Amino acid sequence: MSLLSMLFGNKPKTAQVAKERLQLIIAHERDGGGNADFLPDLQRELIAVISKYVKVNPDDIRVSLEKQDRYEVLEVNIVLPEKP
Amino acid sequence: MTRIITVTSGKGGVGKTTTSASFATGLAQRGFKTAVIDFDVGLRNLDLIMGCERRVVYDLINVINGEATLTQALIKDKHCDNLWVLPASQTRDKDALKEEGVEKVLAELTHQGFDYIVCDSPAGIEHGAVMALTFADEAVVVTNPEVSSVRDSDRILGILQAKSRRSIEGREPVKEHLLITRYNPGRVEAGEMLSYKDIQEILRVPIIGVVPESEDVLQASNQGAPVIHQKESDAALAYQDIIARFLGEEKPLRFVDYVKPGILKRLFGGK
């Protein structure tokens with residue numbers, strides 16, 4: 001690192017960058033960010049249940065988990081077939 | 001009372017086997033009857049690091065399958081009294097490592113009066129790694145000052161808290177220790193490497209020691225004698241301190257501060 005950039009401190013040290021990145025990703029993963037393993041199963045079972053009553057395509061059901069600040073939103077989107 | 005210590009990390013190549021070898025040797029040097037078990041079925045290497053690769057006849061899987069007795073499979077360490085090595089199988093696939101089998105082997109070691117059983121975990125978070133930590137009383141999480149290693153350590157801590165018998169049965173949780181290896185105080189000082197304080201702050205696990213990056217580790221593995229045997233080596237001293245702290249002694253951290261090389265060293269080079 002050159003004397004000038006040290007004087008003006010315009011470039012953060014890489015260790016500091018590493019620390020901040022780790023703190024963010026680990027907090028996210030501990031919070032269950034990597035914990036939505038149940039989504040594929042949920043989607044499969046929803047398809048099975050709904051198919052009992054309505055004829056739907058597996059692609060017409062979408063399940064997603066989104067994080068908005070302090071809330072997690074589970075969104076289930078089902079497209080019903082048009083009446084023939 | 002036998003204590004089971006699992007050396008784990010998630011990430012590969014951070015120094016689990018090096019640490020297992022030196023940790024087990026250090027405990028044995030203190031007079032404790034110690035066994036060190038290689039859980040890396042299919043990729044055994046502890047035997048090489050311990051220098052007993054030519055004496056392997058039977059292995060952990062043979063004992064689990066009843067093809068050999070534990071006494072037949074245990075290899076007496078040639079450098080150190082009180083120390084035995086139980087190698088992993090090189091040929092079988094890792095599913096041969098059955099939970100009941102592992103439990104049986106650990107119970108028999110306990111019955112034989114071992115004070116400490118050190119389990120050298122394979123890398124990853126799959127079956128072998130889970131088997132290595134299932135019965136742990138204490139866990140040594142080996143971490144390098146590097147982002148992927150720190151993240152993987154956090155993952156393995158999560159798995160420890162979810163899958164160890166102690167957690168599942170709601171007993172006192174596994175005692176966790178953070179062990180940082182390949183530390184370079186000069187690069188930390190220059191802001192190029194995470195400091196041990198940073199890593200501890202991120203992982204929130206009490207630190208048991210910091211082993212500096214050392215050329216002696218490779219020299220030790222070349223010769224098949226755990227680095228803790230290398231007198232005067234910084235890495236050996238760091239491991240001896242780690243054993244002391246593990247046994248409850250107060251030892252300030254060494255080799256964590258950058259020492260400017262003296263004028264002679266700067267002029268003439270050297271290690």
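A salt bridge is here a side-chain nitrogen of Lys or Arg within 4 Å of a carboxyl oxygen of Asp or Glu. The structure is a predicted model, in which local features need pLDDT of at least 70 and side-chain atom pairs count only at pLDDT 80 or more, while totals for chains, interfaces and linings use all residues. Residues are numbered from 1 along each chain as its sequence is written, chains are lettered from A and ligands numbered from 1 in the order in which they are written, and side-chain values use heavy atoms, with hydrogens and water left out.

One such pair lies within chain A, where the side chains of A:Arg44 and A:Asp41 meet in a salt bridge with N and O 2.8 Å apart. Both residues belong to helix H3 (residues 39–53) of chain A, and because they are three residues apart there, about one helical turn separates them. Helices (H or I, at least four residues) and strands (E, at least two) are DSSP runs, numbered from the N terminus. A:Arg44 is exposed, with a relative accessible area of 53%, and A:Asp41 is partly exposed at 39%. In these terms, buried means under 20% relative accessible area, exposed means over 50%, and partly exposed lies in between (1.4 Å probe, protein chains only). Salt bridges that share partners also join A:Lys19, B:Asp198 and B:Glu201 into one network.

Over all chains, the count comes to 17 salt bridges. Side chains of opposite charge can pair when their charged atoms come close. B:Arg151 forms a salt bridge with A:Glu29, and the closest N and O atoms are 2.7 Å apart. Since B:Arg151 lies in helix H7 (residues 147–163) of chain B and A:Glu29 in helix H2 (residues 14–33) of chain A, the pair joins two chains. B:Arg151 is partly exposed, with a relative accessible area of 34%, and A:Glu29 is partly exposed at 25%.

A further salt bridge links A:Arg30 to B:Asp154, with the closest N and O atoms 2.7 Å apart. This pair joins two chains because A:Arg30 lies in helix H2 of chain A and B:Asp154 in helix H7 of chain B. A:Arg30 is partly exposed, its relative accessible area being 36%, whereas B:Asp154 is buried at 9%.

In chain B, B:Thr6 has its place in strand E1 (residues 3–8). B:Thr6 is buried, with a relative accessible area of 0%. Leaving aside neighbours within four places in sequence, B:Thr6 is in contact with several residues, among them B:Cys119, B:Ser121, B:Leu133 and B:Val140; contact means heavy atoms within 4.5 Å. B:Ala132 is also one of the residues in contact with B:Thr6, and the backbone oxygen of B:Ala132 lies 2.7 Å from a polar atom of the B:Thr6 side chain. Between B:Thr6 and B:Phe135 there are 8.5 Å in space, C-alpha to C-alpha, although the two are 129 residues apart in sequence.

The cysteines complete the account. A disulfide is a pair of cysteine sulfur atoms within 2.5 Å, and the structure holds zero disulfides over all chains. B:Cys52 is in no disulfide, as the nearest cysteine sulfur, that of B:Cys80, is 13 Å away. For B:Cys80, likewise, the closest cysteine sulfur is that of B:Cys52, at 13 Å, which is too far for a bond. B:Cys52 counts as buried at 2% relative accessibility, and B:Cys80 counts as buried at 7%.

Terms used: A polar contact is a pair of N or O atoms within 3.5 Å; within protein, one must be able to donate a hydrogen and the other to accept it, and residues adjacent in sequence count only if both atoms are side-chain atoms.
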